[in-house]
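I opened this model to look up its sheet, its charged side chains and a few loop residues. These are my notes, kept in the order in which I went through the model.

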Amino acid sequence: RRARLMRNVHALREALGGHGLQCLGDPSAVVPVLIGHTPLARVASGAVLRRGLFANLVEFPAVGVRAARFRMQVQADHTLEHVQ
């Protein structure tokens, strides 16, 4: 299960990076994705939700000004298709 989890974590981080997004921190089940400006992050959050996905948005004051991010969680049971 741990090996599948880390496979999914790396696949998600690579896919997001391929779209120009920056994943923060060391690879783990929690993948923080930097968005930056809070208004942009709120628009992105709505767009993600309209696509049928859910990503926790973290914004100021929980993180610094212009450091809004999604906090995505990966599970071993996700398939590579889910991750993509």
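The entries below begin with conventions and then go from the sheet to single residues.

**Conventions**

I am working with a predicted model, in which local features need pLDDT of at least 70 and side-chain atom pairs count only at pLDDT 80 or more, while totals for chains, interfaces and linings use all residues. Residues are numbered from 1 along each chain as its sequence is written, and side-chain values use heavy atoms, with hydrogens and water left out.

**Sheet and helices**

I took helices (H or I, at least four residues) and strands (E, at least two) as DSSP runs numbered from the N terminus, and I let two strands pair if DSSP finds at least two bridges between them. On that basis I find an open sheet of four strands in the order β1-β2-β4-β3, with antiparallel pairing. β1 (22–23) and β3 stand at the edges with a single partner strand each, so one side of each is left without a neighbour in the sheet. I then looked at the pairing of β1 with β2 (residues 30–36), which is antiparallel and runs over two bridges; in β2, Val33 is the residue opposite Cys23.

For the helices I used contact in the sense of heavy atoms within 4.5 Å, and axes as lines fitted to C-alpha atoms, for helices over the stretch in contact, with angles from 0 to 180 degrees between N-to-C directions. Helix α1 lies across β1, β2 and β4 (68–73), at about 15° to β2, whereas α2 lies across β2, β3 and β4, at about 35° to β4.

**Salt bridges**

Side chains of opposite charge can pair when their charged atoms come close. My criterion for a salt bridge is a side-chain nitrogen of Lys or Arg within 4 Å of a carboxyl oxygen of Asp or Glu, and a search of the whole structure gives three of them.

I first noted the bridge between Asp77 and Arg1, whose closest N and O atoms are 3.0 Å apart. Asp77 is in the loop between β4 and α3 (80–83) and Arg1 in the segment before α1, so this pair ties together parts that are 76 residues apart in sequence. Asp77 also meets the side chain of Arg4 in a salt bridge, at 3.9 Å from N to O; here the loop between β4 and α3 is linked to helix α1, with the two residues 73 apart.

For accessibility I used buried for under 20% relative accessible area, exposed for over 50%, and partly exposed in between (1.4 Å probe, protein chains only). Arg1 is exposed at 59%, while Asp77 is partly exposed at 48% and Arg4 is partly exposed at 35%.

I next recorded the bridge between Arg42 and Glu59, at 2.4 Å from N to O. Arg42 belongs to helix α2 and Glu59 to the loop between β3 and β4, so the pair ties together parts that are 17 residues apart in sequence. Through shared partners, salt bridges join Arg1, Arg4 and Asp77 into one network.

**Arg13**

Which side chain of opposite charge is nearest to Arg13? I counted Lys and Arg as positive and Asp and Glu as negative, leaving out His and the chain ends, and found Asp26, 6.6 Å away, so that by the cut-off above the buried Arg13 has no salt bridge. Arg13 sits in helix α1 (residues 2–18), and a polar atom of its side chain lies 3.4 Å from the backbone oxygen of Leu24. Leaving aside neighbours within four places in sequence, the contacts of Arg13 include Cys23, Leu24, Gly25, Asp26 and Pro27.

**Loop residues**

I checked the loop between β3 and β4, where Pro61 lies, and found that a cis peptide bond joins Phe60 and Pro61, with omega about 15°. Arg66 is in the loop between β3 and β4 too; Arg66 has a positive phi of about 60° although it is not a glycine, and it is exposed at 57% relative accessibility.

Leu53, in the loop between α2 (38–50) and β3 (56–58), is exposed with a relative accessible area of 52%. Leu21, in the loop between α1 and β1, is partly exposed at 34% and touches Leu16 and Val33, not counting residues up to four places away in sequence.

Terms used:
A polar contact is a pair of N or O atoms within 3.5 Å; within protein, one must be able to donate a hydrogen and the other to accept it, and residues adjacent in sequence count only if both atoms are side-chain atoms.
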